[in-house]
Amino acid sequence: MEEINLNQTIRCIVKLGGSAITCKNELEKINEENLETVSSQLRQAMILDSCSKKVIGMDWSKRDGVLDVSSSLGDFGDQGQFTVDFSRFVVVHGAGSFGHFQASKSGVHKGGLKQPLVKAGFVATRISVTTLNLEIVRALAREGIPSIGMPPYTCGWSTSERNVASADLSGVAKAIDSGFIPVLHGDAVLDELLGCTILSGDVIIRHLAEHLRPEYVVFLTDVLGVYDRPPTDPNAVLLREIAVDEDGKWSVVNPTLESMNKQVEITVAGHDTTGGMATKISEAALIAKLGIDVYIVKAATSHSLRALSGELRRNVPDDWLGTIIRFSR
């Protein structure tokens, strides 16, 4: 894969967890309230100029249930008045209640593209996840964020036994250098040995982090962070800090859990074809090993805004709730 040269460094790569931006128990239903809040927080975190300026929406297409487009072209009469400088972010989102159903029912994640059901499922999965991608891009655009949807399949990503085999990042780099915010997502892709599979958004983030080297990475989820067992368990403990060593192995350093022997129980939903929290932790550990701090935090909260803004890089307040994964130097 080609070496990526950017004019400036990337500030942050953000993962919008599918469970945080969709209603995971309702097929193809977006959590509109969360998505709106997350989009607003991203705008606050991205803006370099501290003074507040009018939000000029960039979604000028017709939306169901909305009479007018979100912004008047007349707002751009005095263009200099509304110029906003955004810091360099990349957004990656999961599928949530989009895509997972189609992929799991047809077996796309297992391969076998020559089978009619798998081929049909591949098409159905991509229709579903790109539909979600468009809605997320539109939500960001309504906040004035110049976002560009970049589905991995159409941007040259492919795998070999589910590991990234090729990824054309030149388009991502050009979009960033042109002042856009690329928005990628988990996708159905071709696999050299399996025929096809599902490329997880968490794997995409790790690959991007390796080549783009952001200052920090934020995973937005539907829970406060990583727990020592399923968070529905009343005895579940929030893991505040996880350390990753030179070998890529990770251990909990805060709090000290006497009974767990540094093991964490992870459950994965039956329809999840990407590994759920287990994949998230393993990919986050590989990112942390690069010397890049990773924050896992509940979306649409004051804690997520602080993580997105980079506040935690200076000091982690005692009242911040989330999980930090760091390289143990």
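In this predicted model, nine strands form an open sheet with mixed pairing, arranged in the order E3-E6-E2-E1-E9-E12-E13-E10-E11. The edge positions belong to strand E3 (147-149) and strand E11 (250-254), each of which pairs on one side only. From one strand to the next, the twist averages 20°.

Within this sheet, strand E9 (residues 216-221) pairs with E12 in the parallel sense, over six bridges, and Leu220 has Val297 of E12 as its bridge partner. Helix H2 (residues 32-46) packs on the sheet, where it touches strand E1 (12-16), strand E2 (89-93), strand E6 (181-185) and E9, and the direction of H2 makes about 160° with that of E2.

Strand E7 (residues 187-191) is largely enclosed by the rest of the structure, because four of its five residues are buried. Leu190 has Cys196 in E8 as its bridge partner, and Cys196 itself counts as buried because its relative accessibility is 0%, under the 20% limit. With a pair of cysteine sulfur atoms required to lie within 2.5 Å, the count of disulfides in the model comes to zero.

Returning to E12, the loop between helix H7 (276-288) and strand E12 (293-298) contains Lys289. Lys289 is partly exposed, because its relative accessible area of 35% falls between the limits of 20% and 50%. If residues up to four places away in sequence are left aside, Lys289 touches Val244, Asp245, Glu246, Asp247, Gly248 and Phe327. One of these contacts, Glu246, is 43 residues from Lys289 along the chain, yet the C-alpha atoms of Lys289 and Glu246 are separated by 6.9 Å.

| Residue | Relative accessibility | Class |
|---|---|---|
| Cys196 | 0% | buried |
| Lys289 | 35% | partly exposed |

Methods: Residues are numbered from 1 along each chain as its sequence is written. This is a predicted model: local features need pLDDT of at least 70, side-chain atom pairs count only at pLDDT 80 or more; totals for chains, interfaces and linings use all residues. Side-chain values use heavy atoms; hydrogens and water are left out. Helices (H or I, at least four residues) and strands (E, at least two) are DSSP runs, numbered from the N terminus. Buried means under 20% relative accessible area, exposed over 50%, partly exposed in between (1.4 Å probe, protein chains only). Contact means heavy atoms within 4.5 Å. Two strands pair if DSSP finds at least two bridges between them. Axes are lines fitted to C-alpha atoms, for helices over the stretch in contact, and angles run from 0 to 180 degrees between N-to-C directions.
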